[in-house]
Structure formats: structure tokens, C-alpha cells
Amino acid sequence: MAKADLIISIVNHSNPELLHDCLRTLFETTRDCTFEVWVVDNATDGRGVEAMRRDFPQVRWLFNTERKGFSANHNQVLKQAHGRYICIFNDDTIVHEGAFDALVRFMDENPRVGMAGARLLNADGTVQNCTFRPMSLSGQLFDLVFLPRPLHFLKRMDIDPAQYGHEEARVNWVLGACIVVREETLAEVGLLDEAMSPLGNTEDTDWCVRAWKAGWEVAFCPEAVITHLSSRSFRPSVTGPDKVRVELWRTRVAYFRKHHGRMQEWMLRAILVGTLPYNSLVLAQTLLRGRMALPEFRRQLATFLRISEMGLRARV
């Protein structure tokens, strides 16, 4: 039996409406390539699962008995599914006409490309950040610190402008909401790093950078268009520190240690600690001016405190 052109791995986070739309649009719009869809049920309450199994009987399901992180979930599929290409894909997505056909065609036409990402759109149709330059210390500083409006452009310094164009491009890394990996690349580069993403944060950066280091290219395929309803799978904390954001910074520290060495790791730690007084002051001013409610002030301050604490830990 011939291998499928494409294996698509999706994690179910108990968002049945989102996942149903994802599956519906995926099957409706993929016509030219052969593909299999695997869904990892991440120890959900089972809400909507039977209906989806009835509506999409061709989907293969894996069921966790306990909650796992982004990488651990997708790695279950990456270890056992066999296709010429494999895609890690979010459940909070809507697939546009021919998107996966375009990705398979693009990979076939570019044998040195080991990983590729699609053009991602926000719900309102605007371009979502999905192509990026190498992570830098300056980029982390500007991402973490509050900046006056005239300096907001600095927060975009790590974004690759290829995402706004209509030409194929080689980029440092692409967003993990949709990454297609070549079977040979996966065998050489290995699985997603589970230490990078208990929630789903810096595993995509790490995976793409590892592909580049192994001699493969990472590319942006603008012909493939997907709407990504960002942050619908993982919702920010309503009270207390924003656990998703705290986890993001923990994985960034781990990333810098892995790819840039101890010196840059400690420089990043210094940024986490050093920006706390300024960010706290800006939050306090915003509260006093009546531009922020007290519960939101407390939540954001608690988040910055937790992020800063990581800069002081011997190991994160």
C-alpha cells in the first residue's frame, strides 16, 4: 500500500465546534493529494467527540488518559504515522481552498525544503504573524517591555516581512499552527522538543532552527492560506498570572540556553528581571489614570512578577 502524500496531526483541546469546522474545511478543500488525518484527544471530557467520529469516520483517533503538552501530543503521531509529508496543525483553524494541495505541491517542487508553513490569516482576514527572523535578545526586550506608541514598530523586529508578500520565501522559522515536514527531514532532525512546549510555545522555533542546522531549508508558501483563530485553543488565565504567557517566557529561556549558550541565556534572564520595575511603573500609571481595572492590573502585575522570578532561578 502506497504511503499517503500527507499526514495531518491535530490535537483536540475540548473545542468541538472549532475542531469540527477545522475538519469540515480540511476535507472540503483538499482534493489533489492523498492524506490521512489523525486527531489526538488530549484527555478531554469527550464533548463532541462521538459526533465528530460519526461525521468524519475516516479520521484516526488517539486518546490520552492524561493531559499532555503540544509537542508530546503531536509526537505520538509523528512516531507512528507514515506519509511523504507530515503536518502539525491546530484545531482552531479554517482551511481555505486547496491549501494543503498547495503545500504538498510546493514541497514536491522544492526538494531542499525540509519544513514549510502556510500564510495565516486572522479571523478578520488580516495577515497573522507567521514568518520570523532569528530570535534575538533585542527582540525579546522589545517584546516584553511596554513601549510608547511611536516605538511599537520595535516589537516587530523579529517578524519576517515575507508574510505580507506573494512570493515563496526562505525564512528562519514558521508558526507552529501549521508546519509541514518532509519525512526525510523528520528522520534526521527528530521529534518536537517536549521540554519546549508543555503548553505550546517555542517548540516551532526550535524545530525549524534544528532543520536549518541539519542543512534543510524552511520556507513560506503563500499559496496555501489558512485562517487561524489565534489563542482559541489556549485561553489566557482569567485570574492570577497568565500561565500561557509565563510558560512562553520559560521556554524562551530554554531555547536561548539550547541554541545560543549560557551567556545569552543569562542576558535574557537579566532582561526578565530588569524590565520588572519599569513595567510595574507603567501598569501603576495606567491604573491611576483609570485606563485599567484593578483586577486586570493585579493579573498583569502577577504575570510580570512570575516572569521576572524565572530570571533568578538556577534552572527553568
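Which residues line the second largest pocket? The lining is made up of Phe146, Val282, Leu283, Gln285, Thr286, Arg289, Arg291 and Met292. The structure is a predicted model, in which local features need pLDDT of at least 70 and side-chain atom pairs count only at pLDDT 80 or more, while totals for chains, interfaces and linings use all residues. Residues are numbered from 1 along each chain as its sequence is written, and side-chain values use heavy atoms, with hydrogens and water left out.

**Pocket**

The volume of the second largest pocket is about 160 Å³. A pocket here is an open set of points on a 1 Å grid over the protein atoms alone, where a 1.4 Å probe fits, with protein on both sides within 12 Å along at least five of seven lines; lining residues have an atom within 4 Å of a point. Volume is the space filled by probe spheres set on the points, which are joined across faces, edges and corners. By residue class, the lining of this pocket has 4 nonpolar, 2 polar and 2 charged members. Ala, Val, Leu, Ile, Met, Phe, Trp, Tyr, Cys and Pro count as nonpolar, Asp, Glu, Lys and Arg as charged, and the others, Gly among them, as polar.

**Salt bridges**

Across the whole structure, 21 salt bridges are found. The term requires a side-chain nitrogen of Lys or Arg within 4 Å of a carboxyl oxygen of Asp or Glu. Side chains of opposite charge can pair when their charged atoms come close.

| Pair | N to O distance |
|---|---|
| Lys258 and Asp206 | 2.9 Å |
| Arg257 and Glu265 | 3.2 Å |
| Arg269 and Glu265 | 2.9 Å |

Helices are DSSP runs (H or I, at least four residues), numbered from the N terminus. Lys258 is partly exposed at 39% relative accessible area, whereas Asp206 is buried at 0%. Buried means under 20%, exposed over 50%, and partly exposed in between (1.4 Å probe, protein chains only).

Arg269 and Glu265 are 4 residues apart in helix H8, a separation of about one helical turn. Arg269 is buried, with 1% relative accessibility. Salt bridges with shared partners also join Asp193, Asp206, Arg210 and Lys258 into one network. Glu265 is buried at 0%, and Arg257 is buried at 17%.

Technical notes:
Helices (H or I, at least four residues) and strands (E, at least two) are DSSP runs, numbered from the N terminus.
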